Structure formats: structure tokens, C-alpha cells
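Let's take a friendly walk through a protein model.

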Amino acid sequence: MNHSNTAFTPIEEVIDLHSRLTAFNATRMKPQLAAPKWQSELLTEVDARIEEGLFVERERRQITALLADVPSSTAEFTAWFDRLRDIGPGQHDRLFPWLAEQATRDQMRWFLAQEIAGETGFDDLVAMTQVRFPARAKLEMARNYWDEMGRGHENGMHGGMLERTSEEFELDTFDAPLVWESQALANLMAALASNRRYAYQSIGALGAIEMTSPSRVSLVSSGLRRLGVSAAGRQYFQLHAGLDIRHSKEWNAEVIAPLVAAQPAAARPIAEGALMRLRAGERCFVRYRSELGVP
């Protein structure tokens with residue numbers, strides 16, 4: 001297998017890479033029974049993890065210029081991080097007002113197919129990320145996870161809410177191909193959470209999701225309501241429009257700030273993770289606008 005790490009990669013290779021990583025993550029995340037050929041399977045996994053690592057390193061290099069002014073003091077860093085809500089990559093993209101006001105049901109269905117198929121599962125990402133972090137950060141991640149899990153009630157699980165949206169739009173029968181940008185976003189989040197060398201980047205990426213999603217999901221919810229989608233079908237988006245505002249404040253105060261205070265060197269990888277996640281989202285929005293014909 002070719003593990004070249006050139007600056008320019010033809011689009012066909014990018015598409016192939018993310019198809020392979022998507023398949024790899026589907027297998028890696030799934031509980032399995034012990035197999036007699038586990039040694040050969042592990043050798044195959046090594047190749048996939050090297051490809052994954054090279055992908056993440058390319059993503060890191062591409063946001064280097066955006067890290068020039070990252071401070072390392074706690075107060076200055078949290079202020080810098082908060083500003084990403086307004087000036088980070090992909091913020092205030094015109095895709096979302098268009099979804100709220102103009103998208104047809106078929107166009108909304110295509111958008112949701114991309115978003116839901118590329119969904120890694122915030123609950124699982126938090127669970128993988130929190131391993132061996134200090135108690136204060138771990139407890140906040142546990143509270144976040146508990147909310148994602150419906151606070152112990154199956155009907156309140158956030159993943160189940162998204163499944164109800166999928167069912168209403170019959171996405172299981174939707175055959176539009178998943179664009180590579182959506183796959184890349186999911187593969188990035190899986191890579192950061194699954195590899196402890198990127199644990200701080202995962203903290204930043206998850207924090208960026210909580211901080212920047214409310215305005216977007218609110219507009220998606222408005223579009224779903226305009227299209228006559230049921231309350232159950234839009235519940236996930238309605239809930240996160242408000243809940244993620246609180247989650248973001250608590251994540252920044254209880255996870256990011258204490259980690260940077262204890263270890264100022266953590267500021268840069270946390271910033272890296274946030275910027276990589278926002279840039280991956282921006283890449284999706286540009287592709288979605290192109291596919292949907294957003295003016």
C-alpha cells in the first residue's frame with residue numbers, strides 16, 4: 001500500500017481514501033466476537049491506521065497559518081476559542097438560511113442524508129475522548145455524555161432522535177452517494193477520538209461542535225418545520241439549538257480552561273482540533289451548496 005504524503009493528492013485518491021477509512025471505521029467501531037484470524041486482521045488494521053494518521057497530519061498542516069496567534073494563558077486562550085463561534089472557518093455559511101427558507105423537501109432530504117450518514121455519534125466520541133483525563137474535565141464530559149444518552153431514558157437518547165428524522169425522510173432507501181467531504185469529516189472525528197496522541201485535538205474538535213452548532217441546527221429546524229416535518233422528526237435539531245449553548249459554556253469552562261491552566265502546552269493541540277473540525281465542516285458546506293444549487 002502506498003503511504004505517500006505529498007502536498008497535492010488527486011481527487012480520485014482522496015475519494016478512495018475516505019471510502020476506505022469509512023469502511024475501516026465502520027468495522028473498528030462495531031463490537032465483534034473474537035476471530036481466529038485476528039493476527040492477519042491486525043496487520044490490515046495497521047495499514048489503515050497509518051493512512052488515517054497521514055490524513056490527520058495533512059489536515060494539521062493545512063490549518064497551521066490559523067494557529068499563529070494562539071495564546072497559551074487560560075483567559076486569553078478561552079477568549080480566542082470563543083471567537084471561533086463568529087470568525088472560525090465555515091461560520092455563518094449561507095447554506096443554512098437557504099435550508100431554512102427555500103430548500104425543497106427533496107433538497108432537505110439530500111442534505112440530511114449527507115449529515116446523518118456522516119454522523120460519527122457524539123456520545124461515542126465523548127466516551128472515547130474522556131479516557132484518563134483529569135477528574136474535572138472527565139466529570140463534565142460524563143455529564144455531556146449522560147445528556148446525549150437521554151439521562152438514562154431510551155426515548156431521550158440523541159442518536160435515537162436522529163434516527164427518527166432518518167425514518168421520516170426514509171433515508172434508508174435514499175441512494176444518493178455520500179460525498180467525500182462528509183466522509184472526511186466523520187473520519188477526522190473518529191481519528192481524533194480513537195488515537196490518544198490526538199486526545200487534546202479531540203477535546204478542541206468536540207468543543208467546537210458544541211459551540212458552533214446551535215445557530216445552524218436552529219435554521220435546519222426552521223426548514224423542517226416549514227416543510228411540515230413532524231415534531232418527532234425535527235426534535236433532534238430543536239433540542240440542540242438550545243442545549244448546545246449550555247453544553248458549550250460548560251465544556252469551555254470545565255474542560256478546556258482547566259486543561260490549559262494545568263498544561264499551557266495543551267492550548268495549541270486543542271486549537272488545532274477546533275480548527276480542523278471547523279475547516280472540515282466548511283468543506284462540506286461548500287460542496288453541499290454546489291450540489292444543491294444554492295445561489
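## The overall fold

The protein chain has 12 helices and zero strands; here helices (H or I, at least four residues) and strands (E, at least two) are DSSP runs, numbered from the N terminus. With a radius of gyration of 19 Å, close to the 19 Å from the globule rule for 295 residues, the chain is as compact as a globular protein of that length. That radius is taken over C-alpha atoms, and the rule is 2.2 Å times the number of residues to the power 0.38.

Please keep in mind that this is a predicted model: local features need pLDDT of at least 70, side-chain atom pairs count only at pLDDT 80 or more, and totals for chains, interfaces and linings use all residues. Residues are numbered from 1 along each chain as its sequence is written, and side-chain values use heavy atoms, leaving out hydrogens and water.

## Inside and contacts

Of the 295 residues in the protein chain, 49% count as buried (under 20% relative accessible area, 1.4 Å probe, protein chains only). Among contacts (heavy atoms within 4.5 Å) with a separation of 6 or more, 83% join residues 24 or more positions apart.

## A look at helix 6

Which residues of helix 6 are buried? In this helix, residues 122–129, they are Phe-122, Asp-123, Leu-125, Val-126 and Thr-129. Down the axis of helix 6, these buried residues fall within an arc of 165° (directions from the helix axis to the C-beta atoms), so they line one face of the helix.

Their cover includes helix 7 (135–148), helix 9 (180–194), helix 10 (199–226) and helix 11 (231–262).

Definitions and conventions
Buried means under 20% relative accessible area, exposed over 50%, partly exposed in between (1.4 Å probe, protein chains only).
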